[in-house]
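User: I would like to go through this structure and ask what stands behind each label. Please set the values against the cut-offs as we go.

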Amino acid sequence: MDNGTHYRTCHLCEAMCGVAIEMKDGRIASIKGDEEDPLSRGHICPKAVALQDLHEDPDRLKKPIRKTDSGWQEMDWDEAFDFVADRLHKTRQDHGRNSIGVYLGNPNVHNHGSLVATMPFLRAIGSQNRFSATSNDQLPHMLASLEMFGHQVLFPIPDIDHTELFICIGANPMASNGSLMTVPDFRGRLKALKQRGGKMIVVDPRRTETAKLADEFHFIRPGGDALLLMAMVHTLFEEGLVDPGPAERLVKDVDLLRLAALAFTPEAVSAHTGIAADDIRALARRLATTRKAALYTRMGTSTQTFGGVATWLAYCLNILTGKLDLPGGVLFSQPAIDLVELGAMSGQQGHFGTRHSRVKGLPEFAGEYPASTMADEMLTPGEGQIRAFVTVAGNPVLSSPNGRRLEEALGGLDFIVSVDYYLNETTRHADIILPPTAALERSHYDLIFSMFAVRNVAKYSEALFAASPDTRHDWQILLELAHRLEKQRKGGRLPLRTELGWRAFKQLGPDPILDLLLRSGPYGADAGRARGLLQPAVDLVIDLLPKRHPLRGLARLSPLNRQWQELPKGLSLNALKEYPSGVDLGPLRPSLPDRLFTRDGRINLAPRRYLDDLGRLHDFLATPADTHLHLIGRRHVRSNNSWMHNSQRLVKGRDRCTLMIHPRDASRLGLQAADSAAVSADDRQIVLPVEITEDIMPGVVSIPHGWGHDREGTRQSVAAAHAGASINDVLSDGVIDPLSGTSVLNGQPVTVKVWRPERQRKRA
Ligand SMILES: Nc1nc2c(c(=O)[nH]1)N[C@H]1C(S)=C(S)[C@@H](COP(=O)(O)OP(=O)(O)OC[C@H]3O[C@@H](n4cnc5c(=O)[nH]c(N)nc54)[C@H](O)[C@@H]3O)O[C@H]1N2
Ligand SMILES: Nc1nc2c(c(=O)[nH]1)N[C@H]1C(S)=C(S)[C@@H](COP(=O)(O)OP(=O)(O)OC[C@H]3O[C@@H](n4cnc5c(=O)[nH]c(N)nc54)[C@H](O)[C@@H]3O)O[C@H]1N2
Ligand code: SF4
Ligand SMILES: [Mo]
């Protein structure tokens with residue numbers, strides 16, 4: 001496009017903001033919020049400019065590069081694909097299929113092409129040694145959804161636009177713009193909430209940007225959430241405040257939950273949480289007695305020692321107080337492409353613990369092992385040891401705990417290929433890097449985040465720039481590798497039908513699939529006259545067939561499902577192209593009991609796994625609170641995980657990679673404002689500037705993740721000049737939530753000391 005305005009969705013975080021990109025003479029002249037976007041209504045954050053910076057970044061790779069004795073050398077695509085397929089195939093032949101490890105990073109879920117191509121790619125690799133950012137992130141939410149609602153991606157979304165009480169625990173939407181709650185312009189939505197008389201309560205070990213806007217704020221000791229939430233459940237039962245409302249007839253095992261919470265009185269948990277018993281009781285009462293209320297938890301409660309139990313209890317609290325399926329409470333979304341129903345139709349509701357990792361015996365979730373055990377699987381010899389590794393859009397060296405150990409493990413592998421457009425802390429270990437096209441060179445549809453949005457919307461963005469012929473999209477790279485690997489596996493030739501299938505897939509790409517899914521989805525074409533004939537048949541199928549029958553799934557998904565008949569109709573890819581700012585599909589609305597996927601059609605309030613983990617919670621309560629400093633993470637609105645520090649406009653200004661510490665702790669340790677501190681645990685240590693602030697709870701220190709760009713041999717010049725230190729170089733990969741396998745990224749104990757470079761050097 002030469003001149004004019006291009007509308008699209010920003011893909012950088014989960015918020016799905018609409019952007020209006022002004023083009024002049026083939027270049028981006030400005031990036032602004034799109035006022036017409038039905039969800040973001042003109043909001044963008046400072047990161048939106050990075051869309052341009054990423055596109056124009058001279059460090060961004062455009063051609064495959066291969067590591068040689070004389071440095072990195074560019075390679076042709078065809079040659080590169082053959083090279084990778086040969087090496088992976090050889091590893092598979094020599095050491096078995098599980099000898100290939102795969103790590104999928106976060107940007108994959110912001111990329112519909114990758115999502116469509118990942119499945120065939122993983123199938124072609126055929127290894128059980130799969131990992132992703134999930135186990136450093138939202139796994140406990142997926143597990144709770146699977147155990148309670150029968151589907152791993154069916155999340156209750158806070159109806160922030162209609163609620164009157166928003167309780168936010170372990171999340172900082174003012175910085176993150178929401179997670180498992182796509183909520184662009186959180187500030188504006190909060191303002192509207194307050195204008196209608198609503199309130200926000202925040203619980204966090206740090207007085208965050210969100211906490212500063214709260215009507216009520218409580219510091220909580222890291223890892224204390226399960227106890228806090230248990231005591232709230234206890235209070236509800238004790239004071240007769242349990243009333244599941246819309247979900248009344250669906251919930252089961254309420255009594256088991258009551259018994260489980262018996263010992264956890266607010267008084268008993270007060271010391272371990274740092275919250276007064278009266279405040280805990282008041283919190284439970286507020287939730288119960290405010291009709292339209294939503295309790296929301298995120299990273300701080302999921303990536304910690306009791307991540308599994310805490311997330312489950314948060315779901316329980318919403319259900320016990322009648323907030324589930326209530327407008328203004330928490331509801332399931334109804335996206336235009338319903339991956340929940342599509343997953344269920346193909347038997348992909350999810351699974352957990354069907355097999356266990358080789359070295360530590362940790363449970364798989366959704367076919368993946370915990371990222372914390374990746375290095376174990378590379379370093380421990382034996383049958384099934386990882387010898388070759390594939391990373392796709394991931395930077396686990398900075399994003400997984402104990403990054404240095406992971407680097408050591410990567411260094412010992414036979415072969416690594418990375419699909420990534422940066423030569424960074426992880427990909428520098430690769431033998432070959434396959435860079436995809438830039439985001440603005442591909443079309444965009446949010447398959448995942450549309451499911452988490454606080455309003456149902458659909459939007460398709462066409463590519464802004466044409467991809468040059470000598471580049472490949474992520475989906476093309478993945479499909480090409482998959483095709484070649486499959487061919488190799490079959491001895492060099494595929495049966496004609498399979499071969500033609502691959503070719504057609506590679507020719508078409510993901511967009512025709514989008515079109516098909518949109519048309520056949522709940523907002524798809526109006527059945528018109530066909531309805532008269534087909535409706536009775538569809539009704540019959542839905543009524544008569546067993547809950548999990550694929551035909552029933554198909555019927556439910558179709559525009560002919562009566563439940564969705566009042567929905568707007570007529571979506572298709574072409575229809576969406578007519579509305580470049582997106583289409584509003586209305587607010588979240590009740591969907592129970594139809595949207596449950598449990599076998600008995602009920603909500604399981606007390607799944608066995610969680611009850612089994614309560615012994616550990618009792619033990620924790622019985623042990624006196626320890627006196628260590630506890631390390632937590634943090635996010636900043638101008639940063640995004642590990643990969644946006646190469647934009648000068650985003651990193652400029654004051655150093656943000658600091659150790660936040662309370663004045664009381666600082667003075668005890670002799671730390672002053674201009675000092676650097678050494679933060680350590682076992683033999684791991686990093687050094688970074690201190691930031692003394694009363695905004696952090698005494699006994700707690702905070703470091704953001706995604707920094708540590710001072711490693712040798714990377715090619716991100718701006719990031720290297722703003723290196724910071726990686727919190728994951730201190731965090732242990734041996735500490736996980738044993739229930740779910742999630743990494744403990746918040747609440748690990750650390751030692752902090754003043755760092756005096758001169759003296760240290762002399763001594764050394
Ligand atoms: N201590 C601590 N650790 C954390 C967290 C924390 O809060 N504290 N947060 C965790 C969370 S929530 C997450 S999601 C993870 C993220 O962990 P990862 O997904 O492993 O890491 P990212 O930093 O998102 O790195 C993304 C990589 O993808 C590349 N990339 C970007 N866009 C594309 C694309 O379109 N295609 C391809 N092929 N590559 C692309 C980037 O260059 C970069 O290398 O980090 C986790 N780690
Ligand atoms: N600007 C920006 N936005 C982002 C990202 C980013 O890196 N930068 N990353 C994106 C990604 S991948 C994700 S997953 C989301 C995450 O979205 P959020 O979950 O909202 O992000 P965080 O800022 O990590 O919020 C976690 C909060 O938990 C607190 N906390 C730490 N330990 C505990 C604890 O034990 N208990 C309690 N109650 N709280 C605790 C922390 O102080 C912090 O305020 O953000 C997304 N959006
Ligand atoms: S909040 Fe910022 S990074 Fe996230 S989608 Fe909106 S503009 Fe993009
Ligand atoms: Mo994340």
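User: By class, how many nonpolar, polar and charged residues does the shell around ligand 1 have?

Analyst: This is a predicted model. The shell around ligand 1 has 13 nonpolar, 12 polar and 5 charged residues. The residues that surround ligand 1 number 30, and the closest are Tyr103, Asn106, Ser399, Asp420 and Ser642.

User: What makes the pair formed by a nitrogen atom of ligand 1 and a polar backbone atom of Ser399 a polar contact?

Analyst: The cut-off for a pair of N or O atoms is 3.5 Å. The nitrogen atom of ligand 1 is 2.7 Å from the polar backbone atom of Ser399, so the pair counts as a polar contact. A nitrogen atom of ligand 1 also lies 3.0 Å from an N or O atom in the side chain of Asn728, and an oxygen atom of the ligand is 3.4 Å from a polar backbone atom of Ala393. Both pairs are within 3.5 Å and therefore count as well. As for cover, ligand 1 has 920 Å² of accessible area on its own, and the protein covers 98% of it.

User: Why is Leu257 called buried?

Analyst: Buried means under 20% relative accessible area. Leu257 has 0%, so the label applies. Leu257 is found in helix H8, residues 254–261.

User: Which residues is Leu257 in contact with, leaving aside its neighbours within four places in sequence?

Analyst: They are Val233, Phe237, Trp312, Leu313, Cys316, Leu320, Leu605 and Ala606. Leu605 is 348 residues from Leu257 along the chain, yet their C-alpha atoms are separated by 6.9 Å.

User: How do you know that the buried residues of H6 line one face of the helix?

Analyst: The buried residues of H6, which spans residues 186–195, are Phe186, Arg189, Leu190 and Leu193. Seen down the helix axis, they fall within an arc of 100°, so they line one face. These residues pack against strand E9 (165–169), helix H5 (173–176) and strand E10 (199–203).

User: What does the face of H6 turned away from its buried side carry?

Analyst: That face carries Arg187, Lys191 and Gln195. They are called exposed because the label requires over 50% relative accessible area. Just after H6, Gly197 takes a positive phi of about 90°.

User: What is the make-up of the shell around ligand 3, by class?

Analyst: It has 9 nonpolar, 1 polar and 1 charged residues. Among the residues that surround ligand 3 are Cys10, Cys13, Cys17 and Cys45, and Cys counts as nonpolar. Lys47 and Asn177 also surround ligand 3; Lys counts as charged.

Conventions:
Residues numbered from 1 in each chain as written. Chains lettered and ligands numbered in written order. Predicted model: local features only at pLDDT ≥ 70, side-chain atom pairs only at ≥ 80, totals over all residues. Heavy atoms only, no water. Near = heavy atom within 4 Å. Polar contact = N/O pair within 3.5 Å; in protein donor to acceptor, adjacent residues only side chain to side chain. Areas by Shrake-Rupley, 256 points an atom, 1.4 Å probe, with all protein chains shown as cover. Buried < 20%, exposed > 50% of the residue type's maximum accessible area, 1.4 Å probe, protein only. Helix = DSSP H or I, 4+ residues; strand = E, 2+ residues; numbered from the N terminus. Arc of directions from axis to C-beta. Contact = heavy atoms within 4.5 Å.
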